[in-house]
Amino acid sequence: VGVGFSAVVAATLVPAILESDRRPQLSEEYSSSGTLAGAADRPVPQDIAWRKVALDRGSQHSCAADHPESCIVRRGDGPHVLLIGDSQAMSFVPTFHQLADEHDLTLSLNVRSGCPWQEGLANDKQNGDGALACEQARVGWYDQALPALDPDVVVLLARPRDDEKTWGSVLRRRDGKDQPLDQAVYETTQDTLRKVSAVATKTVVVERMVMPETFSPLDCLATSRRIGDCTVPVLATPSASDGFYAAAAAASRDIITVNFNDVFCPDSPLCLPVIGDRVVWRDDHHYAATYVMHVRDQIWTKLEDAGAFEN
């Protein structure tokens with residue numbers, strides 16, 4: 001079913017996206033296995049360390065194209081996993097460290113805040129230092145550092161930047177080519193995926209993750225009595241980028257997509273901002289790194305089930 005759906009996306013969705021200003025309308029289903037009603041009525045925990053949660057970002061680590069060995073943060077006897085992404089990937093970095101320890105992986109990181117994993121995209125929201133660090137972590141990196149690292153599995157995880165209203169004036173192609181945002185994202189996505197899949201045994205692209213987007217659950221919780229007052233709705237449609245990823249996966253057996261949304265939102269279509277005694281989001285578009293660590297076994301299972309470690 002997944003392959004068939006991807007083929008439909010590749011054949012019909014992508015050309016339509018590139019010829020239209022309208023974002024794709026894809027149906028998306030999430031599993032619902034929680035007990036939302038009872039949990040939503042729980043009072044907001046009184047012992048939330050608000051500042052600590054707000055700063056629970058994870059960490060970033062990258063290397064220059066001519067120093068690939070400095071991207072390696074752990075050496076093990078298992079598969080070599082490389083995580084590439086932006087600040088959303090940062091919240092997963094401690095978890096990948098832990099998973100590397102638990103499964104004896106070699107782990108490399110190329111994670112920079114505000115930095116799309118697509119080599120050809122520049123984010124003008126970054127300041128000068130951030131933009132320079134992003135350029136060093138992307139431009140030429142896939143041609144020089146990636147083959148030297150020779151990873152078995154590359155995980156690409158970043159915030160989709162395909163919404164015209166939010167990103168139309170700040171995201172651009174590094175080569176200066178003037179294109180509509182959807183087309184620029186599509187072409188640079190495919191270009192980078194080709195480079196990654198030429199080296200890695202498996203390329204894993206993480207689909208858009210459930211995020212509040214329009215409000216901070218942490219701020220809401222600080223002024224609310226019930227957890228349910230700050231639920232986060234799941235958007236009805238995936239991002240355009242999810243269609244681009246599906247198209248690439250349909251064209252290559254070495255590229256796969258993975259969706260973590262039912263890990264972080266077991267009660268879809270409404271997601272609780274506190275599960276158990278742990279806060280899920282630290283702001284409007286980042287998970288708290290501690291919560292990501294808490295669900296690491298489910299994340300690992302998702303990667304395994306998607307075929308990330310199959311030869």
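Tutor: Residue classes come before linings: Ala, Val, Leu, Ile, Met, Phe, Trp, Tyr, Cys and Pro count as nonpolar, Asp, Glu, Lys and Arg as charged, and the others, Gly among them, as polar. This is a predicted model, in which local features need pLDDT of at least 70 and side-chain atom pairs count only at pLDDT 80 or more, while totals for chains, interfaces and linings use all residues. Residues are numbered from 1 along each chain as its sequence is written, and side-chain values use heavy atoms, with hydrogens and water left out.

Student: Which residues lie nearest the centre of the largest cavity?

Tutor: Arg208, Met209, Val210, Met211 and Leu235 do, out of 11 lining residues. Sorted by class, the lining of the largest cavity has seven nonpolar, two polar and two charged residues.

Student: What volume does the second largest cavity have?

Tutor: About 70 Å³. Its lining includes Trp117, Arg161, Ser241 and Tyr245. By class, the lining of the second largest cavity again divides into seven nonpolar, two polar and two charged residues.

Student: How many aromatic pairs does the structure hold?

Tutor: Rings of Phe, Tyr and Trp (its six-membered ring) pair if their centres lie within 6.5 Å; planes under 30 degrees apart count as stacked, over 60 as edge-to-face and the rest as tilted. The structure holds nine aromatic pairs. One of them is tilted: tryptophan 117 with tyrosine 245, at 6.0 Å centre to centre and 40° between the planes. This pair links distant parts of the chain, with tryptophan 117 in the loop between β3 (106-111) and β4 (121-123) and tyrosine 245 in helix α11 (residues 240-251), 128 residues apart. Helices (H or I, at least four residues) and strands (E, at least two) are DSSP runs, numbered from the N terminus.

Student: Are tryptophan 117 and tyrosine 245 buried or exposed?

Tutor: Buried means under 20% relative accessible area, exposed over 50%, partly exposed in between (1.4 Å probe, protein chains only). Tryptophan 117, at 1%, is buried, and so is tyrosine 245, at 2%.

Student: Which residues form one aromatic cluster?

Tutor: Phe92, Phe260, Phe264, Trp281, Tyr287 and Tyr291.

Student: How many salt bridges does a search of the whole structure find?

Tutor: Side chains of opposite charge can pair when their charged atoms come close. Here a salt bridge is a side-chain nitrogen of Lys or Arg within 4 Å of a carboxyl oxygen of Asp or Glu, and the search finds 17. In one of them, arginine 173 meets aspartate 175 at 3.0 Å, N to O. Arginine 173 is buried at 10%, whereas aspartate 175 is exposed at 53%. Glutamate 187 and lysine 177 meet at 3.8 Å, N to O. Glutamate 187 lies in helix α9 (residues 181-197) and lysine 177 in the loop between β6 (171-173) and α9, so this bridge ties together parts 10 residues apart in sequence. Glutamate 187 is partly exposed at 22%, and lysine 177 is partly exposed at 46%. Salt bridges with shared partners join Arg173, Asp175, Lys177 and Glu187 into one network.

Technical notes: On a 1 Å grid over the protein atoms alone, a cavity is a set of points where a 1.4 Å probe fits but cannot get out, and a pocket is an open set with protein on both sides within 12 Å along at least five of seven lines; lining residues have an atom within 4 Å of a point. Grid points are joined across faces, edges and corners, and a volume is the space filled by probe spheres set on the points.
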